[in-house]
Amino acid sequence: MDQASPILFARILEAIPAAPLLSAEFASRLQFGWTISVHILFASLSIGLAPFIVYFTWKDVRTDDPRYARLREFWVKLFGIGFVMGTVTGIPMSFQFGTNFPVFAEAAGEMIGGPLAFEAKMAFFLEAVFLGVLLFGRERVSDRTYILSSVLTGVGAWLSGFWILVVNAWMQTPRGFELVERNGMQIAQLTDPVAAFFTPRMPWMYVHMINASVISVTLLVAGVSAYFVWRKRNSEAWNTALRAAVVLLVITAPLQAVHGDAYGRHVADTQEQKFAAMEAHYDTGQADLHLIAIPKSADSLTDPRADNLWTISLPAMGSFLASGGDFSEEVVGLHEYDDNPPVALVFWSFRFMVGLGFLFIGLALWGGNLLRKGRLRESDRYLRSMILATPLGFAALLTGWYVTEIGRQPWVIQGVLKTNDAVSTTLTGAEATATLVAFVALYVVLLAAFGFAFKWLIEGELVRMGVREESDPDRPQLPLVSSDD
């Protein structure tokens, strides 16, 4: 960068009004929330695609059936694109710890540095190396090595999620440390690595997140397959993919509901304030469970309370779920706390996530019944429903993540460090707002690039299926897709 660039940047900042619309804290939180929202889509894509990649690769190598070669090639290609996008969108987040949340980075550096290093050195390189074998090694390595590469690529993706969630779970239920004073700051010093890595939240969060990723990608695979089947009913490859997706959805969608119920009880035990926000429960006492909630006014949308919502509720069921079986259990209300999370965001995100979860169970049962009757490819209504449901798994995953992260506020480390104390004291609102705008613009471009690449894959497949003519004969061919249907 030449010397003129910093001067120009400083003048741009000076041109921004002295009273910025956003404070440094709020802009920093929005910026991190935006970047992790985009990054988590690609991280979940890798995690959720892993079982499909392993299955299609194993069937391709063992049966030499062109259907599986075609499916393996298509989804490995998308896995590769998603891996690149996940890497590009994930790197800036570590820098934001230093630029926007340096107090958190210094206070928690000893606790989170190890897991993040494991994630980079162990999981990332494992995934990257064997993804390369998957992409370019089919004719260069043995069948056994090729299958093993698919497994290790998936292991790398799941390990990456594990180490990231070790960090996040510690922030939710911190263990294995003591606070010491260093240079006038309270620093979390590691005392028990096992307790710090395997916190009470870790197993709950890992199972829920991995299964949510698999459900999201299963709906993606089902939606894309349904589209291809809808365009060409006798496409054996995509009928095979649709059947595989429906079977996996029948397993994973109900599992998420059962696990989510138990996870909710764990949250009630360890984060009472978050549990109260999930139900907009303000007064300590017996708690209802709102199955359906509709705001009576715009104010109700931003401040959901039982008396300003149209609800279908189960009386005392909130107490029952929080206690694991006691309808009279007293649930601590939000009025007991000085600072609460943005209740509306947590309340509606939770309802959105749970509502979609039950929709997925319905789609799974519907598809399972059609599959049992051998009518999966014949049902236009089901094919169109699955096409429409393609992005909904990722929507549920994001809103579930918002419940986890926004519900923890005002704490960045539960009970140890508040978010407003973790923000840089030298960062101005204008600077934070400017970088927020830059990150929003950059990530929108990245999302558009991914959408273009995915559309390119879809159109290439339609040409190979013979349902669309090649609009541009000079268009580069997909080197990894060569099998005929």
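# A guided tour of the predicted model

Across the chain, the pLDDT (the predictor's confidence in each residue, from 0 to 100) averages 90, and 93% of the residues score at least 70. This is a predicted model, in which local features need a pLDDT of at least 70 and side-chain atom pairs count only at pLDDT 80 or more, while totals for chains, interfaces and linings use all residues. Residues are numbered from 1 along each chain as its sequence is written, and side-chain values use heavy atoms, with hydrogens and water left out.

**Stop 1: confidence along the chain**

Colour the chain by confidence and select helix 1 (residues 4-15), where the mean is lowest, at 59, and then helix 7 (residues 202-231), where it is highest, at 97. Helices (H or I, at least four residues) and strands (E, at least two) are DSSP runs, numbered from the N terminus.

**Stop 2: the nonpolar cores**

Select Leu49, Phe74, Trp75, Leu78, Val224, Trp238 and Phe454, which have the most contacts inside the largest nonpolar core, a set of 65 residues. A nonpolar core here is a set of buried Ala, Val, Leu, Ile, Met, Phe, Trp, Tyr and Cys residues joined through side-chain atoms within 4.5 Å, and buried means under 20% relative accessible area, exposed over 50%, and partly exposed in between (1.4 Å probe, protein chains only). Centre the view on Trp238: leaving aside neighbours within four places in sequence, its contacts include Arg70, Leu71, Phe74, Trp75, Val224 and Met465. A second, separate core has 62 residues, among them Val331, Leu334, Val343 and Val423.

**Stop 3**

Now select Leu291, Ile292, Ile294, Trp310, Ile312 and Leu314, which make a nonpolar surface patch of about 600 Å². Patches are made of residues with over 30% relative accessible area and no salt bridge, with like charges joined within 9 Å and nonpolar side chains (Val, Leu, Ile, Met, Phe, Trp, Tyr) within 5 Å; accessible areas come from the Shrake-Rupley method with a 1.4 Å probe, and for residues only the protein chains shown count as cover. Strand 3 (289-295) and strand 4 (309-314) each supply at least two residues of this patch. Trp310 is found in strand 4 and is exposed, with a relative accessible area of 57%.

Stay in strand 3 and select His290, which is buried, with a relative accessible area of 9%. Not counting residues up to four places away in sequence, His290 touches Glu279, Ala306, Thr311, Ile312, Ser313, Phe347 and Arg351.

**Stop 4: salt bridges**

A search of the whole structure finds 16 salt bridges, each being a side-chain nitrogen of Lys or Arg within 4 Å of a carboxyl oxygen of Asp or Glu. Begin with Asp60 and Arg138, whose closest N and O atoms are 3.9 Å apart. Asp60 lies in helix 2 (residues 24-63) and Arg138 in the loop between helix 4 (102-136) and helix 5 (143-172), so this pair ties together parts that are 78 residues apart in sequence. Asp60 is buried, with a relative accessible area of 3%, and a network of salt bridges links Asp60, Arg72, Glu73, Arg138 and Asp143.

Move on to Asp380 and Arg233, a salt bridge with its closest N and O atoms 2.1 Å apart. Because Asp380 lies in helix 13 (residues 380-388) and Arg233 in the loop between helix 7 and helix 8, the pair ties together parts that are 147 residues apart in sequence. Asp380 is partly exposed, at a relative accessible area of 31%, and Arg233 also counts as partly exposed, at 31%.

Then select Glu405 and Arg408, whose side chains meet in a salt bridge (3.3 Å, N to O); Glu405 is buried at 15% relative accessible area, and Arg408 is buried at 4%.

**Stop 5: backbone details**

The peptide bond from Gln409 to Pro410 is cis, with omega near 15°, and Pro410 sits in the loop between helix 14 (392-406) and strand 5 (411-413). Finish with Asp64, which has a positive phi of about 55° although it is not a glycine, and which is found in the loop between helix 2 and helix 3 (66-99). Asp64 is exposed, with a relative accessible area of 65%. Ala316, also not a glycine, has a positive phi of about 65°; this residue lies in the loop between strand 4 and helix 11 (317-323) and is buried, with a relative accessible area of 7%.

Notes
Contact = heavy atoms within 4.5 Å.
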